[in-house]
Amino acid sequence: MSSTSIALPGQSLGPVSSNNVGAGTHIHGDHLFASIAGPLTTTKASSKVPPNLSIARPTGTLLLPEVGTTVLGRITRTNPRQANFSILALGSTGDVVLAEPLPAIIRQQDIRLTEIDKVTVPGSFRIGDMVRAVVISFGDERAYFASTARDELGVVMAVSEGGNRMVPVSWREFEEVGGTRREARKVAKVV
Amino acid sequence: MQADRRRLNAPPGGTAPPVFATAPKTKLQRPTRTREPDQHRKLFLRTGIVPSASGSAYYEIPPQQQQQTGLLVPQSSSLKITCTVHGPRPLPRNAAFSPNLLLSTHVKFAPFATRNRRGYVQNASERDLGAHLETALRGVVIGERFPKSGCEVVVTVLEGEEDGWWAGNAEGRGGGWGMMGVLAGCITVASAALVDAGIDCVDLVSGGVAAVVQAGTDQRGDDGVVAIDPAPSEHDGGIRAACVVGYLQSRDEVTEMWMKGDAGMRAEQLIDEAVKAASLTRAVLAEAVKEAVEMKLEKVEGNAVAAASVKEGKGKSKDVVMTG
């Protein structure tokens, strides 16, 4: 075990005046308290800004996506205005796998950064595609809103209409492995 | 309660396990309280026992002393409770929008948990325990951090505390004193499981129970003693009143209180003693939670080392230039 100190919920972390509230902590009265159990990290204090205290969860840092979180999911339904998908994992490489999928939506105007008016949902996603997207809002009562309007976001894995595996061949197209059939997608930059 | 029609039900009365050939002169001895009135029984708590749940914990008050007689049936009951936490998970499709975490609790006794066999469906007393547990936990969870999601706390009592000594005439008497001890255990184990699931809490909530017990049956006008963590089978004089609290030690707050019986002038003292019992339980709770975090961190570190060695072998991946 390393020498980092472990905080427990309800543990006092010091007065608010000399510490900044970070993730996994809360303020009660004029003191800062831990709200989850995990290793305590303190950022360097400068003369103007007090140190930032935060607690990380020992397994993954997030339980639910926040605004700005990159997520991985599968397209479940499409219509001309939006594509529904279920978030399966958090992080750009799926570091935190969710126990249950979360519903989310990519609206037509959030699919691509440029030429928004020319984008169509059927020309970007198909049911079953694995997509990488970033959460842009907590959304409505059901679904999170997500966007693929960046180079590294979009479809990362796709299966053709015939049921064959496909590989990306350009920013806009996937091609069947060993075949010549091409299908239009919003392709994520391959890394 | 309507009968459960889907399963083969046990007879409704008590089903004592068979007592195998013991010498006819075996004398049953009522267990007695050997510890001080302000001493808690030793207890065992561990988190992370159910891999498929987001958080889980197991709580046990094992038998404190070796049984003297050659009986196979335990003379005194011990408490065994498991708790699983599922969540935060998305709300069901038909649920309305909720800006914070929706907590739901279920307490269920296993059919074999007590000498009186329990049904498979929740009965009124179990639902009641669930409601008490929910109030205890609601005050501790920071719900605003999990909008649009729900969290389910499921407590299964594998072995429950009896309301009295089974071999005495106490069995028919009931009184529900065992339930108080069970609720205190439920609060502690649920708190451990919530922290294990990584759900934000303002504090660790621990359950404590205290009771006004009478020293003997024949002492009329006996004032009784306030004892913490009463085992109903050990008090043949009977329990006059009992109190359970869910207590946040670092905030000095009580989120849940349940008092039963006639405490008379001692109501306040009873609450104080219950709080004392809860602070004793918290020491175990904090230790168990800390241990679990250390174990998880070790595991994560081990995984990181393994992943790093794999990556080194593969070499660095190159950026791909795409056309189109």
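Student: How far apart do the end C-alpha atoms of residues 68–150 of chain A lie, and how much of the span is helix and how much strand?
Tutor: This is a predicted model. In it, the end C-alpha atoms of that span lie 12 Å apart. Helix makes up 0% of residues 68–150 of chain A, and strand 52%.

Student: Which feature does UniProt place at those residues?
Tutor: The UniProt record gives "domain: S1 motif" for residues 68–150 of chain A, and the entry is unreviewed.

Student: And what domains is chain A divided into?
Tutor: Domain 1 covers 2–55 and domain 2 covers 70–184.

Student: How far apart are their C-alpha centres?
Tutor: The centres of domain 1 and domain 2 of chain A are 38 Å apart.

Student: Switching to the interface. How many residues of chain A and chain B are in contact?
Tutor: On chain A, 40 residues are in contact with 41 residues of chain B.

Student: What area is buried between the two chains, and what share do carbon and sulfur atoms give?
Tutor: About 3,300 Å² is buried between chain A and chain B, with 62% of that area coming from carbon and sulfur atoms.

Student: How many salt bridges are there between chain A and chain B?
Tutor: The count is 2. One of the salt bridges joins A:Arg57 to B:Asp200, where the closest N and O atoms are 2.7 Å apart.

Student: What about polar contacts across the interface, how many residue pairs?
Tutor: There are 13 residue pairs in polar contact between chain A and chain B, counting pairs with both residues at pLDDT 80 or more.

Student: Which strands of chain A each supply at least two residues to the side that touches chain B?
Tutor: Strand S4 (25–28), strand S6 (38–42) and strand S10 (96–107) of chain A do. Of the elements on that side, S10(A) gives the most, with 4 residues.

Student: How does that side split by class?
Tutor: The side of chain A that touches chain B has 22 nonpolar residues, 11 polar and 7 charged.

Student: Now backbone geometry. Is the peptide bond from B:Gly87 to B:Pro88 cis or trans?
Tutor: The bond is cis, with omega near 0 degrees.

Student: Where is B:Pro88 found?
Tutor: B:Pro88 is in strand S3 of chain B, which runs over residues 79–90.

Student: Last one: is phi of A:Glu115 positive or negative?
Tutor: Positive: phi of A:Glu115 is near 50 degrees, and the residue is not a glycine.

Student: Where in chain A is A:Glu115 found?
Tutor: A:Glu115 is in the loop between S10 and strand S11 (130–137) of chain A.

Notes:
Residues are numbered from 1 along each chain as its sequence is written. Chains are lettered from A and ligands numbered from 1 in the order in which they are written. This is a predicted model: local features need pLDDT of at least 70, side-chain atom pairs count only at pLDDT 80 or more; totals for chains, interfaces and linings use all residues. Side-chain values use heavy atoms; hydrogens and water are left out. Domain bounds come from an automatic or database domain assignment. Contact means heavy atoms within 4.5 Å. Buried area is the accessible area (1.4 Å probe) that two parts lose on being put together, summed over both. A salt bridge is a side-chain nitrogen of Lys or Arg within 4 Å of a carboxyl oxygen of Asp or Glu. A polar contact is a pair of N or O atoms within 3.5 Å; within protein, one must be able to donate a hydrogen and the other to accept it, and residues adjacent in sequence count only if both atoms are side-chain atoms. Ala, Val, Leu, Ile, Met, Phe, Trp, Tyr, Cys and Pro count as nonpolar, Asp, Glu, Lys and Arg as charged, and the others, Gly among them, as polar. UniProt positions are given in the numbering used here, feature names are shortened, and annotations may be inferred rather than shown by experiment.
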